[in-house]
Amino acid sequence: MVESVTTEETPQPAQVGRGEDAEPEVVRAAGGIVLRAAARGGWEVAVIHRPDHRDWTLPKGKLRPHERAEDAALREVLEETGWHCGLGRFVGEVEYIDSRGRPKVVDYWLMHPLDGAWRPSREVDAMEGLPLESAIGREHLVESSFEFEQ
């Protein structure tokens with residue numbers, strides 16, 4: 001089970017000020033913690049490899065203008081994993097400074113695959129099911145905003 005240290009309410013879009021004293025624009029993104037039963041028992045978390053970033057991460061991406069975070073999360077998971085997923089509960093958000101120095105907030109939902117098949121793309125060249133117990137404590141995959149209970 002994944003539990004968040006943040007509120008379980010669906011987050012609202014950030015207010016962005018304009019002008020010299022305005023705070024930098026917050027980049028909003030959304031993604032999924034896609035869980036499925038592993039063949040050997042237990043649970044697997046879907047992780048993707050991004051060749052441009054040379055990293056393994058959870059599927060996620062930026063919101064489009066006027067897009068709800070839930071819709072963006074489902075769209076990004078489909079684009080990056082090839083899976084149509086069922087949306088579970090909102091589990092929290094991760095805040096950090098992106099590679100361009102902007103504040104970024106990523107909202108995550110639990111998801112489960114319904115159908116589909118993964119295909120490589122320019123953005124994502126590999127996907128694996130990482131055993132849930134292996135994902136615990138890997139802050140580069142599941143940032144420290146999430147606590148895992150087995």
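What you have here is a predicted model, in which local features need pLDDT of at least 70, side-chain atom pairs count only at pLDDT 80 or more, and totals for chains, interfaces and linings use all residues. Residues are numbered from 1 along each chain as its sequence is written, and side-chain values use heavy atoms, with hydrogens and water left out.

Let's begin with the layout. The chain holds two helices and nine strands, where helices (H or I, at least four residues) and strands (E, at least two) are DSSP runs numbered from the N terminus. Along the sequence they follow the pattern β-β-β-β-β-α-β-β-β-α-β. Taking contact to mean heavy atoms within 4.5 Å, residues 24 or more positions apart account for 67% of the contacts with a separation of 6 or more. Of the 150 residues, 43% are buried; buried is under 20% relative accessible area, exposed over 50%, and partly exposed in between, with a 1.4 Å probe and protein chains only. The chain exposes about 8,900 Å², and carbon and sulfur atoms supply 48% of that area, computed by the Shrake-Rupley method with a 1.4 Å probe.

Next comes helix α1, residues 69–81. Its 13 residues should span 18 Å at 1.5 Å a residue, and because its end C-alpha atoms are 18 Å apart, the model agrees; the expected span is 1.5 Å times one less than the number of residues. Buried residues in α1 include A69, A73, V77 and E80. The buried residues of this helix pack against β2 (27–37), β3 (43–50), β5 (60–62), β6 (83–97), β7 (103–116) and β8 (126–131). After α1 comes G82, with a positive phi near 80°.

Now to the interior. A nonpolar core is a set of buried Ala, Val, Leu, Ile, Met, Phe, Trp, Tyr and Cys residues joined through side-chain atoms within 4.5 Å. The largest one has 15 residues, of which A30, V34, W83, C85, W109 and M111 touch the most other members. Two or more residues each come from β2, β3, α1, β6 and β7, and α1 gives the largest share, four residues. Another core, of 14 residues, lies apart from it and includes A29, L110, L132 and A135.

Finally, look at S134 in helix α2, residues 132–135. S134 counts as partly exposed because its relative accessibility is 28%. Its C-alpha atom is separated by 9.2 Å from that of V45, 89 residues apart along the chain.
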